[in-house]
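User: Please take a close look at one part of this model, the charged side-chain pairs and their surroundings. I would like one connected account, with the cut-offs stated.

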Amino acid sequence: ALIRRRKKSKKSIDDDDQENDADDDEDNDNMANDNGDHNNQQVEQEEESILEADSARYVRDDVDDDYRPSISEIRDEIANHILPEMMKHVTVEKKEKQKSVRVFVATAAIKLMKFLTKKDLDVNLPWLIDSLCGVVAVRDEKDRAAARHTLLQVSRDLGPKYFLYIVTELKSSLQQGFQKHVLGYVVHGIFSDMVSRSAPGDLDYAVPVLLEIVIEELFGTVGEQKENKTFKITEGSSSHALKILGAICRSIDFRKTVGLILSTIQNII
């Protein structure tokens, strides 16, 4: 009986110890969870503080929460601050003084320019067009193709009113050797696309410059070089003069402009 009482007493003590250990483990888990929650809250608070400090750099101290900028203020910000910074990154320098175009930067820039007044647009647009025309003139075919595609997008966004300006800038940039072959190729692509988006007569004012390009490809040195296959480039594989002339005939106000076309051809004959 004494042995049984001792065993029972020992079992009770062991049970009590196990219960106490379980309670201690539960308390430790609760403390760990509390510490974990506290740490998570602390991290979240620190992240919020960092975000608030970072965003505070872009908030004017002298403007209240209800402030809404006017259209003129937005345009001034775009014209005087945003676009000048973007123009610095439209092209990137490569080896041997060659350049490539950052298509997405140029596309974003022209989208922003559409919100400007005509005065501010005429000030900022030359930077973009000149940069793109400079890349169209490089020897790397991939870079030329990227710049050509970007110019096409720019012409679409600007519409017929700025078509002659783009062609004139291309003509002044592409004057040496293989560049003359690139000129007809690029102008044909942009002009054909613009014709499909314009009403008859909208592009008549550009016909004299387009005819100069056509004549050079048909009767000038460019035509001779194409026949002799002087330049082994994609743009020089075939003539685009007749294609440009066909697009002219489809787009003009016939009664007003056909005389100019006929007189130009007559002078050559």
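Analyst: Asp193 makes a salt bridge with Arg197, with 3.1 Å between the closest N and O atoms. A salt bridge here is a side-chain nitrogen of Lys or Arg within 4 Å of a carboxyl oxygen of Asp or Glu. Elsewhere, salt bridges with shared partners join Lys111, Lys114 and Asp157 into one network. The model is predicted, so local features need pLDDT of at least 70 and side-chain atom pairs count only at pLDDT 80 or more, while totals for chains, interfaces and linings use all residues. Residues are numbered from 1 along each chain as its sequence is written, and side-chain values use heavy atoms, with hydrogens and water left out.

By the salt-bridge rule the count is 8. Asp193 also pairs with Arg156, where the closest N and O atoms are 2.8 Å apart. This pair links distant parts of the chain, 37 residues apart: Asp193 belongs to helix α7 (residues 179–195) and Arg156 to helix α5 (residues 141–158). Helices (H or I, at least four residues) and strands (E, at least two) are DSSP runs, numbered from the N terminus. Asp193 is buried, at 12% relative accessible area, whereas Arg156 is partly exposed at 33%. Buried means under 20% relative accessible area, exposed over 50%, and partly exposed in between, with a 1.4 Å probe and protein chains only.

Another salt bridge joins Lys118 and Asp122, with the closest N and O atoms 2.8 Å apart. Both residues are in helix α4 (residues 118–136), 4 residues apart, or about one turn of the helix. Lys118 is exposed at 58%, and Asp122 is partly exposed at 32%.

A nonpolar core is a set of buried Ala, Val, Leu, Ile, Met, Phe, Trp, Tyr and Cys residues joined through side-chain atoms within 4.5 Å. The largest such core has 58 residues, and Met113, Leu128, Phe163, Leu170, Phe191 and Ile248 touch the most other members. Helices supplying at least two residues each include α4, α5 and α7. Contact means heavy atoms within 4.5 Å. Apart from neighbours within four places in sequence, Leu128 contacts Met87, Val90, Ala106, Ile110, Met113 and Val154.

Ala106, Ile110 and Met113 are among the buried residues of α3, together with Ala109. Viewed down the axis of α3, the buried residues fall within an arc of 95°, so they line one face of the helix. The arc is taken from the directions from the helix axis to the C-beta atoms. The buried residues of α3 pack against α2, β2 (99–101), α4 and α5.
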